[in-house]
Amino acid sequence: MPIVAQSTETTDWVSRFADEVIEESERRAPGKPVVVASGLSPSGPIHLGNLREVMTPHLVADEIRRRGHQVRHLISWDDYDRYRKVPAGVPGVDESWAEHIGKPLTSVPAPKGSPHANWAEHFKAAMIESLAELGVEFDGISQTAQYTSGVYREQILHAIKHRGDIDAILDQYRTKKAPAKKQQQKPLDEAELEAAEGSGAAGEDDGSSASAGYFPYKPYCGNCEKDLTTVTSYDDGSTELTYACTACGFSETVRLSEFNRGKLVWKVDWPMRWAYEGVVFEPSGVDHSSPGSSFQVGGQIVGIFGGKQPIGPMYAFVGISGMAKMSSSKGGVPTPADALKIMEPQLLRWLYARRRPNQSFKVAFDQEIQRLYDEWDRLDAKVADGSVLPADAAAHSRAVRTAAGELPRTARPLPYRTLASVADITAGHEDQALRILSELDPEQPLTSLDEVRPRYDKAEAWINTHVPAEQRTIVRDEPDAELLKSLDEASQQSLRLLLDGLAEHWSLDGLTHLVYGVPKVQAGFPADATPKELPPEIKTAQRSFFALLYHLLVGRDTGPRLPTLLLAVGQERVRALLGE
């Protein structure tokens, strides 16, 4: 199928990458499905930073599908990686899990109470569920299954045959060289591996050097299952390999042509898979893209396996409002499942689609989520009326649908901040929530909360899980008689103007007009006067009036938007609390 020419002035980053990937795929493997890839390690909670590893190729793959091409999006589950550390903050996990450090992730027990068979499956399951909700179509590949079934046997033997070539490539980037004798005698111990894996580019373990020389392969011990092993001898003709385990002292000789309990070291494993799967596009994080890192070194090693390095951008980190770069080795980092509890899939997809991969951004779990939803709803309205810019329209389209069709959405997407305020004030009472929401627009009253789901449920979850107790709204039971008695004439007049207009303006738009209009009328201006027609002191008067209403209704000087709060409290109770 010919490539459709696209103007870079009117297309988004996804379209431009799709152009490049289709063209590159036709050069490398004409007539075959386009292959894009992601890699995820289920070593702990798979967080929103990891999600960019998936969403970047997903969006490109989906654009390619929309153009009528066949495409495979591979997600390699790196579940045969070693268990490096016990992540903090994981429910059902204690310090006893440290005894499993060094084993494959699929050999580590799942957290207590988990229905899953092992550690890797536990964390994979949550991510798979989130990806389904996000509309991400993929082919999952378990690296445990690949290695233990012998799928990569020829690639392993090929890597070992060319271990001198691999060592020479890696040696260009090694910054610290131990004396030859010492390097041969001592494998990386636990602390060194921990430091290596935490140091990124130059520090990653790139193979075993002992009496057998450099070896790009790590056997898992046949006794303790750990990878704290050193190859002590190898015969290229018979493929007989002898290794010793520094953790338990076990040693054995195996025939590598029949042995399936080990894996290539990461800097060799990744390029081997590029060649084996024919990957054309795979992004990499900034920690994999620095000089001497996995992606750069892999670009040279992949040639040993007869393949080419994928094209793909370096992607920037994803943060959480007020938080630094995320790491799955530390507890408390939000996952896609956490985000999907408080936001619809369309919003989360949009956050990843609207920013180029090399641009960092934050996912909001604080008050900022309300502003994001306002921005999203404005975009939705521009798409509906045709005033949207082309790149914004593309990002919106990628958020609301995939090549397979539209994602399920809320039938009546009322403002998120309004739904959150109602959920806050009603504290789980659905009948009260429906009463308030049905009064927002008297001409089109809501008849069921199902009309505003799932957005209402997401907003309620945000209120219940991310808004501190001291910021929750509790309406007064009784009028604040002391405050009412102390009011000056101007304040008393402002309350009378509000109370006189309640019945006539009892809707969201009407109350908005009323509460902003009272200070204008008091100052001698029309209620509908625009900010340009008003002196600056009107804003000060409005803030003072709003603070008075908040104190009389909820006992503090801030709260939910006043029109929503008034509707929630109800006309009769508002009149009582304002001293009528």
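Is Tyr-152 buried or exposed? In this predicted model, Tyr-152 is buried, with a relative accessible area of 1%. That value falls under the 20% cut-off, which is why the word "buried" applies.

Let's stay with this tyrosine and look at its partner. The rings of Tyr-152 and Tyr-276 have centres 5.3 Å apart, and their planes stand at 90 degrees, so the pair counts as edge-to-face. Where do the two residues sit along the chain? Tyr-152 belongs to the loop between α4 (143–148) and α5 (153–161), while Tyr-276 is part of helix α9 (residues 266–277), so the pair ties together parts that are 124 residues apart in sequence.

Tyr-152 and Tyr-276 form one aromatic cluster together with Tyr-80, Tyr-147 and Tyr-220. Across the model, the count of aromatic pairs comes to 21. Another ring to look at is that of Trp-350: Arg-354 lies over its face, at 4.2 Å from the ring centre.

Now turn to the strands. β7, β8 and β9 make an open sheet of three strands in the order β7-β8-β9, with antiparallel pairing. At its edges are β7 (229–234) and β9, each of which pairs on one side only. On average, neighbouring strands of this sheet are turned by 25 degrees against each other, direction ignored.

Follow β8 into β9 and you can trace the pairing residue by residue. Strand β8 (residues 240–245) and strand β9 (residues 251–255) run antiparallel and are joined by five bridges. Thr-242 has Thr-253 in β9 as its bridge partner, and Ala-244 stands opposite Ser-251 in β9. What happens between the strands of this hairpin? Five residues lie there, and Gly-249 takes a positive phi near 85 degrees.

Ser-507 is found between α19 (489–501) and α20 (508–522). This serine is buried, with a relative accessible area of 14%. Which residues does Ser-507 touch? Leaving aside residues up to four places away in sequence, Ser-507 touches Glu-439, Leu-440, Pro-442 and Leu-567.

Notes
Residues are numbered from 1 along each chain as its sequence is written. This is a predicted model: local features need pLDDT of at least 70, side-chain atom pairs count only at pLDDT 80 or more; totals for chains, interfaces and linings use all residues. Side-chain values use heavy atoms; hydrogens and water are left out. Two strands pair if DSSP finds at least two bridges between them. Helices (H or I, at least four residues) and strands (E, at least two) are DSSP runs, numbered from the N terminus. Buried means under 20% relative accessible area, exposed over 50%, partly exposed in between (1.4 Å probe, protein chains only). Contact means heavy atoms within 4.5 Å. Rings of Phe, Tyr and Trp (its six-membered ring) pair if their centres lie within 6.5 Å; planes under 30 degrees apart count as stacked, over 60 as edge-to-face and the rest as tilted. A charge sits over a ring if NZ of Lys or CZ of Arg is within 6 Å of the ring centre and within 35 degrees of the ring normal. Axes are lines fitted to C-alpha atoms, for helices over the stretch in contact, and angles run from 0 to 180 degrees between N-to-C directions.
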